[in-house]
Amino acid sequence: MNASRIRRALRALGFLALVAALALTVQHLGFRAALGEMSRRGAADLALASDRLTGELQRYRQLAVLTARHPDLAPQPGGDKGRAGALLRRTADVTGALDIVLLDTRGREIAGAGRAAPRGHADMAWFERAMDGALGVAHLSSRRYGRRVFLFAAPIFSEAGPVTGAVVVVTDVEAIEAGWRGDRPALFFTDDAGRVFVSNRSELVGRADLGLVSRARVAGHEVWRMAAGPYLPERGLHLTQPLPVIGLTGEVLLDIAPARRIAVLQAAAAAALCLAFGAMLFLATIRRRTLARANARLEDRVAQRTVALRAVNASLQREVAERAAAEARLRQAQADLVQAGKLSALGQMSAGISHELNQPLMAIRSFAENAGTFLERGNAQAARRNLDRISELARRMGRIIRNLRAFARQESEAVVDVDLGAAVEAALEMAAARARQAEVAIDWTPPQPPVIVRGGEVRLQQVVLNLVGNAIDAMEGREQKRLALSITREAGRARLTVRDSGPGIGAPDRIFDPFYTTKEVGASEGMGLGLSISYGLVQSFGGAIRGRNHEEGGAEFTVELDLAQASEAA
């Protein structure tokens, strides 16, 4: 028992040590990630502040260049100094410059916008640069103005080319600082000597010693440890950005205390999750033995149920096999029924088809005999006309036989693009003899351009042939026998309309039921399956078929099919 307790205690201590190591790792990684994010934000703030400072100074830099080009400021012997001074004062008032001074080539002040006593500037580096024809830039703490200033000295060129003087624009740095003093984080701009010249903390201006205690590299970032009182953080992330245009270096110090707090919170959360997981694991271990005993009882019950389920499963498999065989027989019966419907339609048309083929054969025989007679008489032109008629009749017979062969075959293709008008033409050609025999007038005009729908060519012909055959049968004994077919487009679908002048439909809601027919019992044709087969075929194309009594008399059937993409685009 004691050994078991010791092992459990050792496991608990090992788990706690693992949790502590994980928490420290999470803290370290979280601190590094937080420093990276802080560095990106600080770099953006520093770049924004640097752009703001250089942008403010850029206005005065351009002011110096533009003012130097004014014709009234060209230093000349006996020139009007009062006029130049008035111009400089007006310019300083408008632009907010602290002072604007006009210098000659010796650095002496000729005129100025301020009231300070004139002085010489010949020994200044920025003046010498202006005399060389370039823009002189300087920043300094001026005793003359009693504040920190930026100087921009622009050369004045004579018409001949040499420099004849310079215009110096003096900018008040404190006026620029006033807009962002006190903002976070602590920003300051230092000169080459490391002395702060511009800052959003007025307490830091002019200082070279910022209370730096030590520097360290953490995750590739420079971290300063400071002792500068309340103005700078005790530990700060230090970032720099050189600004060679104004001769300063932008620097920022970001307090890393928030990053440390975030890292500690992440480590605490990770430790809490691990401890919670450990507690749950401990409870699960306690319950494991109880569950093991319950599991043993359940396994006995499962074994008993498994035997019963196997018997039920075997029974279900036999039932599934029987259902699959029944479905296969049903599909075969449906296919045989469709084929039987087509063969039945061919049987009904057999007499007319025989007449359609016999009549051209007799004509071919007659034309052939006449052609032989004409050839004996040497009349080649007349013989040629007879041969042309024979060729035309042969093509007509071939077309009839081709349509019959296509109609009689079993179509197994999936739904494809089909010319609806061509399918109607083929069905009418096969029913033409029967229509003439029944003295039915057919009103049909092929659509232009062709209407392409989704369906099966042979099955679509069977649907049309069933509708035409039913219409011819329905008009038997009527004085006026007229069959009208038309094709229209509507909302992405094609609509085929078949209308007859018969007595109409007795029960429109039952016309598509199997074995429903209005023909006499014992008639030689019709078992009531034609419309049922047609209904199934149209449904397989994704279309719809409907039948109704027309307002002006007779029956009207409509077949709606989806247009093919090419036809719909047209």
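A search of the whole structure finds 20 salt bridges, a salt bridge being a side-chain nitrogen of Lys or Arg within 4 Å of a carboxyl oxygen of Asp or Glu. The structure is a predicted model, in which local features need pLDDT of at least 70 and side-chain atom pairs count only at pLDDT 80 or more, while totals for chains, interfaces and linings use all residues. Residues are numbered from 1 along each chain as its sequence is written, and side-chain values use heavy atoms, with hydrogens and water left out.

Side chains of opposite charge can pair when their charged atoms come close. Glu177 lies in helix H4 (residues 173-177) and Arg148 in strand E4 (residues 147-157), so the pair ties together parts that are 29 residues apart in sequence. Helices (H or I, at least four residues) and strands (E, at least two) are DSSP runs, numbered from the N terminus. Glu177 is buried at 0% relative accessibility, and Arg148 is buried at 10%. Here buried means under 20% relative accessible area, exposed over 50%, and partly exposed in between, with a 1.4 Å probe and protein chains only.

A salt bridge also joins the side chains of Arg482 and Asp443 (2.5 Å, N to O). Because Arg482 belongs to strand E15 and Asp443 to strand E13, this pair ties together parts that are 39 residues apart in sequence. Arg482 is partly exposed, with a relative accessible area of 36%, and Asp443 is partly exposed at 34%.

In the salt bridge between Arg546 and Glu560, the closest N and O atoms are 3.4 Å apart. Arg546 lies in strand E17 (residues 544-549) and Glu560 in strand E18 (residues 555-562), so the pair ties together parts that are 14 residues apart in sequence. Arg546 is partly exposed at 44%, whereas Glu560 is buried at 12%. Salt bridges that share partners join Glu490, Arg493, Arg495, Arg546, Glu560 and Asp562 into one network.

Asp500, found in strand E16, is buried yet has no salt bridge. The nearest side chain of opposite charge, Arg499, is 7.1 Å away; Lys and Arg count as positive and Asp and Glu as negative, while His and the chain ends are not counted. The side chain of Asp500 reaches the backbone nitrogen of Gly502 at 2.9 Å.

Backbone geometry was also examined. Most residues other than glycine have a negative phi, and most peptide bonds are trans. Glu439, although not a glycine, has a positive phi of about 60°; this residue lies in the loop between helix H8 (420-437) and E13 and is exposed at 64% relative accessibility. Ala491, likewise not a glycine, has a positive phi of about 55°. The loop that holds Ala491 runs between strand E15 (482-490) and strand E16 (493-500), and Ala491 is exposed, with a relative accessible area of 79%. A cis peptide bond, with omega about 0°, joins Gln448 and Pro449. Pro449 is located in the loop between strand E13 (441-444) and strand E14 (452-455).

In helix H10 (residues 530-540), the buried residues are Leu531, Ser532, Ile533, Ser534, Leu537 and Val538. Just after H10, Gly542 takes a positive phi of about 85°.

Technical notes. A polar contact is a pair of N or O atoms within 3.5 Å; within protein, one must be able to donate a hydrogen and the other to accept it, and residues adjacent in sequence count only if both atoms are side-chain atoms.
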